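Morning, everyone. I'll take you through one structure, starting with its charged pairs and moving on to helix packing.

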Amino acid sequence: MNARLWPVFLAIAILVLGGCSSRSREVVVYTSVDQVVSEPILRDFEKQSGLTVRGVFDTEETKSTGVLNRLVAEAAHPQADVFWSGDPVRPFVLIKRGLVAPYESPNAARIPPTFRASDGSWTGFAARVRVLLVNKNRVLASATPRSIRDLADPRWKGATAIANPLFGTTTMHVAALFSIWGDEQGRAFLQALKDNQARIASSNGEVKRLVATGEVAFGVADTDDAQEALADHAPIEVVFPDQDGIGTLVMPTTVSLMRGSPHPDAGKRLIDYLLRPEVEQRLAEAAAHVPLRAGVQTPQGVKRAGEFKAMQVDYNQVAEEMERMQPLLKGWVGL
Amino acid sequence: MLAVAGAVLLVAALLPILSLVAELPATARTAIAVLGTARPWELLLRSMALAALVTVASLAAGVPLGLLIARTDLPFRRLLWGLHLFPFFLPPFVLALGWFHVLGRTGLVGTESTSRLLFSGGGAIWVLWLTFTPVCTSLVAIALLGVDAGLEEAARLVASPVRVATRILIPAARPAIVLATLLVFALTISELAVPMFLRVQVFPAAVFARLGGIDYAPGEAFALALPLLPLALLLLAVERRFVGPRVFAVAGLRGMAREPIPLGTWRPLVTLAAWLLVLIATVPLWVLLSRASRGGGLMQVPRWLGQAPSNSLLSGAIAATVIAVLGFVLGHAAARRIRGASSLDALSMLAFITPAPVLGVGLIAVWNRGWTQPVYGTLAILVVGFVARYAVVGLRTVSSVILQSPRALEEAAATTGAGAWRRLARIVLPMSARGVVAGWLFAFLFCVRDLETAVLFYPAGREPLTVRLFTLEANGPPAVVAGLAVAQVALTAAVLALGAAAFAWRRAWR
């Protein structure tokens, strides 16, 4: 072996590793939408556009924040062109840091203004909804919980589950409850959950698993988790909570173009594609997402926006609430 | 050459750590506040208790099993060893997933009680014990295979087999036992995926919460990881005291040529117990295969694999090659106590024990720059990450082999005017070739099973198989997820089979 061989070896290694990807016709998307749902859509875009899509997907345990934090960590040299978020509040973290470029897609025109930014910094489409998953073998029909507050009902002590609120849509849900109820009621609810020995699952997927297997009587998760459980023939009932109260939280998925992205034009093409009604319909069929546009067909069992009472929240305010309450949540979780 | 190898290690492992040190002043106040509360210390104690329990349990099973494999007439002991070692080379969360399909409420033998037990500290100890016991078994077996046959045979003339085992063999394997203790402790205390999967709160999860939560705080995460620094140094000191200069053999060096100790009337019972332990550890793998077979999971695997297997193999192979070269140069320097080698050795151990997500954030900070995109945007960043984290694997494997080679040969060559390069290439390399190949293989297997290091910075669209499995795990169809886990098992088995074939071929060729 000769010392002069070192640089040669390293050069070959870099060529082998780097040469494996052609970077001219590609688009890079970071997404917190479940990989099992998002990847087939991205593959179809590849076929239609001729562009190669390179994706970074979140793990369930760090859902929505793992990818988000990577975008923040990479801010100095953005790698991503598009952030396809599983909820409408994470983009605000990026917007506040100046990491998002405005882009008004022509395909966004028919999406209601409530679900998109007027400056094009984010556009919402197919939404998930926070629902209660109830195990029918453990809960009598007459005792079916109807409110998010039932998680803290002593009748269900030790028999309910909620995902870790530091991650995923649970963070947004808790923040939304705080924004509606106020600090005092919100804190009281969290304490009541703890007193009621609600299980803190690692993720919504884990909540689904706990309810489906009957390890808990019911828990709170998202509509796509509910649909997966139903597809597996799990004995669950899906309840839209608080229909006679504050309403059920609706969380559109959103797309944003990243500022300084390596392939902005390709990024815009991907955003245009994702905002097509066909994609919204596909998300309704594949993962029970609620279409936000009128006229999009939904499969049986999937509700449309307007068919249930939605919680009235300002996503920007929820985003601020979410950042503000982090120390409280860390303390509550015990980390 | 040592300078070049040292520079590679410094760039890969030290720069990321330094970049986080630079973040400390900005987050000092928050960091002090965090460390000033009881909770991080409580979690650290809990992690240390978990690590201690797993270590003790692994030693309790691994030391006798290593003795049985290396020095007794246990039937089919080589096959037993191979089967026993195999689960260790799989990502621990794959085994946890398998145990979920066995003991979870809807699992093979699952009830509410087994499920509750699995999703508890006891469950984490169970999974990690079965995963890490092979480390103890193998190190002890390897050490015993290297014990001087004359010493043992002389003792057997006057003493009973039990006395030989307790008075001669186990004391002779003490350095290996200490090394196994340190390795299992280090592997358990840095394990994140299994405790998270089983909902057991541990210290690395607290560090990870600073990186995965909405308020991204890498400086705070690093501050929180600081208590691990004295722990790493303590482990190093213990290792130096009890293992460092001592010699024990590496796989296959001496073989099993000696007359094995007869187990006598205990043979059937001991055989049953040993095989039971080994077969229990493989149960989750068979259950995963069964789960993948139901619901067409195996048929769908090709659709979901993507390029992940080739990403794992390519990045792992290149990283293992770099590690083997580093291991050869640095391992030789460490074994011969050349100046500076000791610090580099300590650095490699520190990088190994530092929580992987912390190292990952440091790597992003160092490598995500305009001019480093050929590295950061490609699989090369995985190679850098793997080299940083697993250099210690190659270094220790090679140095333990070199320690067995007589120094006199190198000194004789030096007196005849052979330079450092020539001595390394013509004397050290031929004598330690098997150790270098073993170091390459171990490093490769560590890279292929890695999840925690890669998950934070894998290049877009170029994820290794472990990451793909992890990102699909919670929401993918269970049969497909089980199928991907089976693919990971098959990939590992193929690598091990190739490694075994390479060693067998070399033996036959000689």
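Start in chain B, with Glu411(B) and Arg407(B). They sit four residues apart in helix H21 (residues 407-415) of chain B, so about one helical turn separates them. Glu411(B) forms a salt bridge with Arg407(B), and the closest N and O atoms are 3.6 Å apart. An α-helix has 3.6 residues a turn, so residues three or four places apart point the same way. Glu411(B) is partly exposed, at 45% relative accessibility. Arg407(B) is partly exposed too, at 44%. Keep in mind that this is a predicted model.

Now a pair in chain A. Lys47(A) forms a salt bridge with Asp44(A), with 3.8 Å between the closest N and O atoms. Both lie in helix H2 (residues 35-49) of chain A, three residues apart, again about one turn of the helix. Lys47(A) is exposed, at 68% relative accessibility. Asp44(A) is partly exposed, at 22%.

Next, Lys208(A). Which residue does Lys208(A) form a salt bridge with? The partner is Glu228(A), and the closest N and O atoms are 2.8 Å apart.

Look at the helix around Lys208(A). Helix H7 (residues 204-212) of chain A has eight of its nine residues buried, so it is largely enclosed by the rest of the structure. Among the buried ones are Asn204(A), Glu206(A), Arg209(A) and Leu210(A). Just after H7(A), Gly214(A) takes a positive phi of about 80°.

How many salt bridges are there over all chains? A search of the whole structure finds 28. Some join into a network: Glu39(A), Arg43(A), Glu46(A), Glu463(B) and Arg468(B) are linked by salt bridges.

Asp242(A) is not a glycine, yet has a positive phi of about 60°. Asp242(A) lies in the loop between strand E9 (236-239) and strand E10 (250-258) of chain A. At 9% relative accessibility, Asp242(A) counts as buried. Arg199(B), also not a glycine, has a positive phi of about 55°. Its loop runs between helix H10 (193-197) and helix H11 (203-212) of chain B.

On to helix packing in chain B. The axes of helix H16 (residues 308-335) and helix H20 (residues 380-402) come within 6 Å and cross at roughly 40°. That makes H16(B) oblique to H20(B). The crossing is right-handed. H20(B) also packs against helix H22 (residues 420-449) of chain B, at an angle of about 150° with the axes 8 Å apart. That makes H20(B) roughly antiparallel to H22(B). H20(B) passes H22(B) in a right-handed crossing.

Last, the surface of chain B. Val11(B), Leu15(B), Leu18(B) and Val21(B) make a nonpolar surface patch of about 280 Å². Val11(B) is in helix H1 (residues 2-35) of chain B. With a relative accessible area of 34%, Val11(B) is partly exposed.

That's the tour. Questions, please.

Definitions and conventions:
Residues are numbered from 1 along each chain as its sequence is written. Chains are lettered from A and ligands numbered from 1 in the order in which they are written. This is a predicted model: local features need pLDDT of at least 70, side-chain atom pairs count only at pLDDT 80 or more; totals for chains, interfaces and linings use all residues. Side-chain values use heavy atoms; hydrogens and water are left out. Patches are made of residues with over 30% relative accessible area and no salt bridge: like charges are joined within 9 Å, nonpolar side chains (Val, Leu, Ile, Met, Phe, Trp, Tyr) within 5 Å. Accessible areas come from the Shrake-Rupley method with a 1.4 Å probe; for residues, only the protein chains shown count as cover. A salt bridge is a side-chain nitrogen of Lys or Arg within 4 Å of a carboxyl oxygen of Asp or Glu. Helices (H or I, at least four residues) and strands (E, at least two) are DSSP runs, numbered from the N terminus. Buried means under 20% relative accessible area, exposed over 50%, partly exposed in between (1.4 Å probe, protein chains only). Axes are lines fitted to C-alpha atoms, for helices over the stretch in contact, and angles run from 0 to 180 degrees between N-to-C directions. Angles under 35 degrees count as roughly parallel, over 145 as roughly antiparallel, 65 to 115 as roughly perpendicular and the rest as oblique. A crossing is left-handed if the near helix is turned anticlockwise from the far one by less than a right angle, and right-handed if clockwise.
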